[in-house]
Amino acid sequence: MDHWVALIGIAGLAVSSGCIAASAVDINAGSYAQQTGEELYRGICQGCHMPDAQGAIGAGAYPALANNKRLIARMYPISVVINGQRAMPAFGTDLSDEQIANVINYVRTHFGNHYKDAVTAASVKAARR
Amino acid sequence: MRAHEPAAPMNRRSLFKMIGMIAGSAVMYEAMSQLGHAGESGYSGPIRLEGDPKGTSVLILGAGLAGMTAALELRNAGYKVQILEYNDRPGGRNWSLYGGDTYTELGGFTQHVQFAEGLYLNPGPWRIPYHHRAVLDYCQRLKVQLEPFTQVNYATYLHSSKAFGGKAQRYREVQADFNGHVAELLAKAANQSQLDQAVTQEDKEVLLEAMRTWGALDQNYEYKKSLSTSERRGYVSDPGGGLTSTATPSEPLALREVLQSRLWWGLTAGHIYELQSSLFQPVGGMGMIGRAFGRELGNLIRYNAKVTGIKQDERGVTVSYQDSRSGGPVQLEQAQWCICTIPASILSQIPMNVAAPMKSAIDALSYDAAIKVGLQFKRRFWEQDESIYGGISYTDLPNALIGYPNSRYFDDGPGVLLGAYTFGPNAVQYTAMPPEERIRRTVEYGSQIHAQYREEFQHGVAVAWHRVPWTLGCAGHWTEELRAQHFDNLCAIDGRIVLAGEHASRLPAWQEGAVLSSLDAIRRLHARVLAG
């Protein structure tokens, strides 16, 4: 039922279409109120990347964000957060430019990462396709 | 009543079977289509793989419903089959958690399930629509006993934290009042000749009659407090017997309140084709289907096998795997063909030499977030205090809904509710919490609807699908754009490998999609094998 149209939740929030057949009518999907990088990491990212940012391994794996050399290029996390990548869902439509910049700046300066060149909301906006 | 039903000397099933035997499957399909059956889910009865595959070997990755359907049918058709499964049990997302089970999610968070005997949580699928004919047929063939699943129950609640002072309203009240007020408005518009452009005089009369019947309007086409509107929404005190028998009608909610509460949104679930009555559930938990398949397949399934690589050449496929618990040495399994049902979220990380179109399709698919929380209470207060027997209450709180158990009604002992089942950002945020925090919050949300929660709560279990080690999410997140670009490439046979599972179907997240995709894959594979 990928053609399901957007439904309006009880809370008046638009629920994204193309979601889950079993779910679209059941959902009150909510939104992300967190604003600071730390709040966003604790509220979203640690679900998969784990509270210590070490990632996890099962049948597949979630990569560690701690001590992650791939974070050196600012565009890389910006693109992954906006568009998703493989198992990583896209967050571009659910998070604002500011929220994305804040959470990337948090990860790039914590968990053993020391990248000083901050990401700006403007650079997130520019990266949106 | 039965005397009025037409006699049925031959049921449809045996009729189709007879047509199939005499005239072949194409004619049977035609006959079923004309009777409106075959189109329902693309399932036209047990698959027939005719011709001798001469012991051709097929390695199947994943013992979920897709993998086990393929194994069962290919084995029956004369193939040599073997399944590799990551878990220590059959079923995959077809799964129930019972007392005594231990579940460890990614990150090492371990939960010890302490539900009472016979009580369970279905972390994944929990309902089977009547038109999901393939799943229902396998249940029959594997002797999985089914019972009704109640989607719509007029006694359940619709709840908004922002309306009616946060007090939950009964489904029947919201439905009666919404229908009644809308009927009154429409009747008013028709009577004031505002619909004359849209309806003829003749149709207008029928429309008025319909609105009166549908909305429980009075002779003046008004929806207001009366015994007849209470026949829909319920009474303050019900009619009874003898000297204390007078009914007290209830006061409808005002139109404006009903509209602004947005509780009408909760009336739509049961209108959806997949959630229309009848729905079913296996007796004892959804996981009974996986167990039945597992029993049937026996040692064709190798458990605790984590696939680490898939390599094909012109002669066959070699799959490397390790013990999923202990690691250990890499082992190899070979076959002439491979049916891979591993979720794309995991498959995208496994080295596999398929061509770019299939690889791009696998990489393009992320998985939706979903969570479920099961809560055990000391007693079935929803039945004893509130007359709710099965069905679902909906809320604007982050737990989204409360699902009441659809079995063991009137039991004196404890009961397990589905305390939360949500998707999207709410599910993502639930996932980021430790299990005990998910449970604590779910109890807190639910207690706003049922005050008994605080007193009666005993034990909870929370499953967040992005933390499930063997799926990394709930189901493939297809959009129309993604489908247009990748779906055919995901499903096409690449050399000696074909994919199956809910992600390779147009019924995402439904078990029916997994089974149908598997049947479609083995049909194509079989044709390829026979062609040599």
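**Ser278(B) sits in the loop between helix 8 (255-261) and strand 11 (279-282) of chain B.** The peptide bond running from Ser277(B) to Ser278(B) is cis. Its omega is near 0 degrees. Helices (H or I, at least four residues) and strands (E, at least two) are DSSP runs, numbered from the N terminus. The model is predicted: local features need pLDDT of at least 70, side-chain atom pairs count only at pLDDT 80 or more, and totals for chains, interfaces and linings use all residues. Residues are numbered from 1 along each chain as its sequence is written, while chains are lettered from A and ligands numbered from 1 in the order in which they are written.

**Lys143(B) is a non-glycine residue with a positive phi, about 60 degrees.** It belongs to the loop between helix 4 (133-141) and strand 8 (146-149) of chain B. Is Lys143(B) buried or exposed? Lys143(B) counts as exposed because it has 10 C-beta neighbours inside 10 Å. The cut-offs use C-beta atoms placed from the backbone: buried means 20 or more others within 10 Å, exposed means 12 or fewer, and partly exposed lies in between.

**Leu472(B) also has a positive phi without being a glycine, here about 55 degrees.** Its loop runs between strand 21 and helix 16 of chain B. Leu472(B) is buried, as 28 other C-beta atoms lie within 10 Å.

**Thr156(B) occupies the loop between strand 8 and strand 9 (157-159) of chain B.** Thr156(B) is buried, with 27 other C-beta atoms within 10 Å. Which residues does Thr156(B) touch, leaving out those up to four places away in sequence? They are Tyr171(B), Ile388(B), Gly391(B), Ile392(B) and Ser393(B). A contact means that two C-beta atoms, placed from the backbone, lie within 7 Å. Phe457(B) is 301 residues from Thr156(B) along the chain, and their C-alpha atoms are separated by 19 Å.

**Helix 5 (residues 171-191) of chain B is largely enclosed by the rest of the structure.** The reason is burial: 15 of its 21 residues are buried. From first C-alpha to last, helix 5 of chain B reaches 30 Å, close to the 30 Å expected at 1.5 Å a residue. The expected span is 1.5 Å times one less than the number of residues. Just after this helix, Ser193(B) takes a positive phi of about 65 degrees.

**Chain B is divided into four parts: domain 1 (1-39), domain 2 (50-90 + 289-365 + 476-531), domain 3 (97-155 + 277-285 + 368-467) and domain 4 (171-253).** These bounds come from an automatic or database domain assignment. The C-alpha centres of domain 2 and domain 4 of chain B lie 55 Å apart.

**Helix 1 (residues 37-49) of chain A spans only 15 Å between its end C-alpha atoms.** A straight helix of 13 residues would span 18 Å. Where is the kink in helix 1 of chain A centred? It is centred on Gly43(A), with an angle of about 45 degrees. The bend at a residue is the angle between axes fitted to the seven residues ending there and the seven starting there. Met50(A) follows the helix, with a positive phi near 80 degrees.

**Helix 1 of chain A has buried residues that pack against elements of chains A and B.** Among these buried residues are Leu40(A), Tyr41(A), Gly43(A), Ile44(A) and Cys48(A). In chain A, the partners are strand 4 (61-62) and helix 3 (97-108). In chain B, they are helix 13 (424-431) and strand 21 (457-464).

**At the interface, 57 residues of chain B are in contact with 43 residues of chain A.** On the chain B side, helix 10 (344-347), strand 20 (415-423), helix 13 and helix 16 (480-491) each supply at least two residues. Helix 13 of chain B gives the most, with six residues. By class, the chain B side has 30 nonpolar, 17 polar and 10 charged residues. Here Ala, Val, Leu, Ile, Met, Phe, Trp, Tyr, Cys and Pro count as nonpolar, Asp, Glu, Lys and Arg as charged, and the others, Gly among them, as polar.

**Chain A has a mean pLDDT of 83, with 79% of its residues at 70 or more.** Over residues 1-25 of chain A the pLDDT is below 50, and this stretch has 72 contacts beyond near neighbours in sequence. pLDDT is the predictor's confidence in each residue, from 0 to 100. Chain A holds four helices and four strands, in the order β-β-α-β-β-α-α-α from the N terminus. Of its 129 residues, 43% are buried.
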